[in-house]
Amino acid sequence: MARGEIWKHSGIEFAGTGRYFPEEFLSNEGAEPEHTTEAERRVLGTGGVRTRHRAADHEDIAHMATEAARKALAAAGTDASEVDLLILSNWTDRWCAPEWGALVATRIGARRAMGFDICTGCAGFVHGVHTAAMYLTSPARYRTAVVVCSERFSRRVRPGSRGEQVVGDGAGAVVLRRTAVPGGGAGRGLIDSVMHSDGELAGMTTVHPGNGWVRSRPELNEVAVTHVVGAARELMERNGLAPEDVDWVVPHAATEPFNQGFQSSLGIERHKILNNLADRGNTSSASIPTTVSEGLDNGTIRPGDLLLSVSLGGGVWCHGGLVYRI
């Protein structure tokens, strides 16, 4: 076994995926921001988002997460009573909010599950799967986990700004199941994962304490590309993967300039990089699981495909990735 492949023989499979997007559907066609800043222009470019979703008041974090988790369980053919662990990723509604994970576990009927929240920004899906794998391989004998990412990013940007036209709301979920046979007997499942953090980068993106709107430094994309490409290369090198071995790269869909920089720096053909930024906007930690869920449903991603997912969170203070066969 290579220095990587830390989960290859653990038998952790991706048993099902699900997603939820709010009812309000918005188009950016013909729309121009009322106001913007030089930092926004540099970070966001021209936007690259055609359509997006915005959550209503009743579509809170728990509502969206519950819907996505239920769909993932249905896709997995798993009853909620079998769930041992529910990890919920969210950073957009942390103000005076309850711990959503326990609430969502109860709502879906997973009453014996341990439910808790993580808050690593856009890297939440990678962090959630990385964390769930440790529980599933622990002596606690957990066998089934739900990782769900639910974000209302539209509430963390300045109204009328370019940022408002780039972000969206939604939730994505996966069911992870530890099977008796590694890879479910078909070589499928979680193969490797990495997560890194660097407190010196904590100020790259901040949130205004008064209004809760995100503020990013102009050099965000350049720094982000360096670290996310680094995580991708680390995973590929330590797992002995060449670009042609990977069927799909599914990164966090951050911004148009980030996506362009990531593609050119990673050196993988454009047609292998998959995200839903143009149609859904930047949904933060929900972007990877919703992209995978949509890809499986529309046949773009096929069972058995090898995926590489990388992301960063909190303005690059943490970053990491996953290698998995879906």
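1. Cys149 is buried, at a relative accessible area of 0%. Here buried means under 20% relative accessible area, exposed over 50%, and partly exposed in between (1.4 Å probe, protein chains only). The model is a predicted one, in which local features need pLDDT of at least 70, side-chain atom pairs count only at pLDDT 80 or more, and totals for chains, interfaces and linings use all residues. Residues are numbered from 1 along each chain as its sequence is written, and side-chain values use heavy atoms, with hydrogens and water left out.

2. How many disulfides are there? The count is 0 disulfides, where a disulfide is a pair of cysteine sulfur atoms within 2.5 Å. The closest cysteine sulfur to that of Cys149 is in Cys122, 10 Å away and so too far for a bond. Cys318, whose relative accessible area is 1%, is also buried. Its closest cysteine sulfur is again in Cys122, at 9.0 Å, which is too far for a bond.

3. The count of salt bridges is 13. The term covers a side-chain nitrogen of Lys or Arg within 4 Å of a carboxyl oxygen of Asp or Glu. In one of them, Arg50 and Asp279 meet at 2.7 Å, N to O. Arg50 lies in the loop between helix H1 (38-44) and strand E3 (51-54) and Asp279 in helix H8 (residues 277-280), so the bridge ties together parts 229 residues apart in sequence. Helices (H or I, at least four residues) and strands (E, at least two) are DSSP runs, numbered from the N terminus. Arg50 is exposed at 51%, while Asp279 is partly exposed at 36%.

4. Arg112 and Asp84 form another salt bridge, with their closest N and O atoms 2.7 Å apart. Arg112 sits in the loop between helix H3 (100-107) and strand E5 (114-118), and Asp84 in the loop between helix H2 (61-76) and strand E4 (85-89), 28 residues apart. Arg112 is exposed at 55% relative accessibility, whereas Asp84 is buried at 8%.

5. Arg280 and Glu294 are joined by a salt bridge of 2.5 Å, N to O. The bridge links helix H8, which holds Arg280, to helix H9 (residues 287-298), which holds Glu294, 14 residues apart. Both Arg280 and Glu294 are buried. A network of salt bridges links Asp192, Glu234 and Arg238.

6. What do the buried residues of H2 pack against? They pack against strand E1 (12-20), E4, H3, strand E6 (144-152) and strand E7 (169-178), with contact meaning heavy atoms within 4.5 Å. Among the buried residues of H2 are Ile61, Met64, Thr66 and Leu73. After H2 comes Gly77, with a positive phi near 65°.

7. There are 5 aromatic pairs. Rings of Phe, Tyr and Trp (its six-membered ring) pair if their centres lie within 6.5 Å; planes under 30 degrees apart count as stacked, over 60 as edge-to-face and the rest as tilted. Phe14 and Tyr324 are stacked, at 4.7 Å centre to centre and 25° between the planes. Phe14 belongs to strand E1 and Tyr324 to strand E13 (residues 318-325), so the pair ties together parts 310 residues apart in sequence. Phe14 is buried at 8%, and Tyr324 is buried at 1%.

8. The rings of Phe258 and Phe262 are also stacked, because their centres are 6.0 Å apart and their planes at 20°. These two residues are 4 apart in helix H7 (residues 256-266), about one helical turn. Phe258 and Phe262 are both buried. One aromatic cluster consists of Phe116, Tyr135 and Tyr142.
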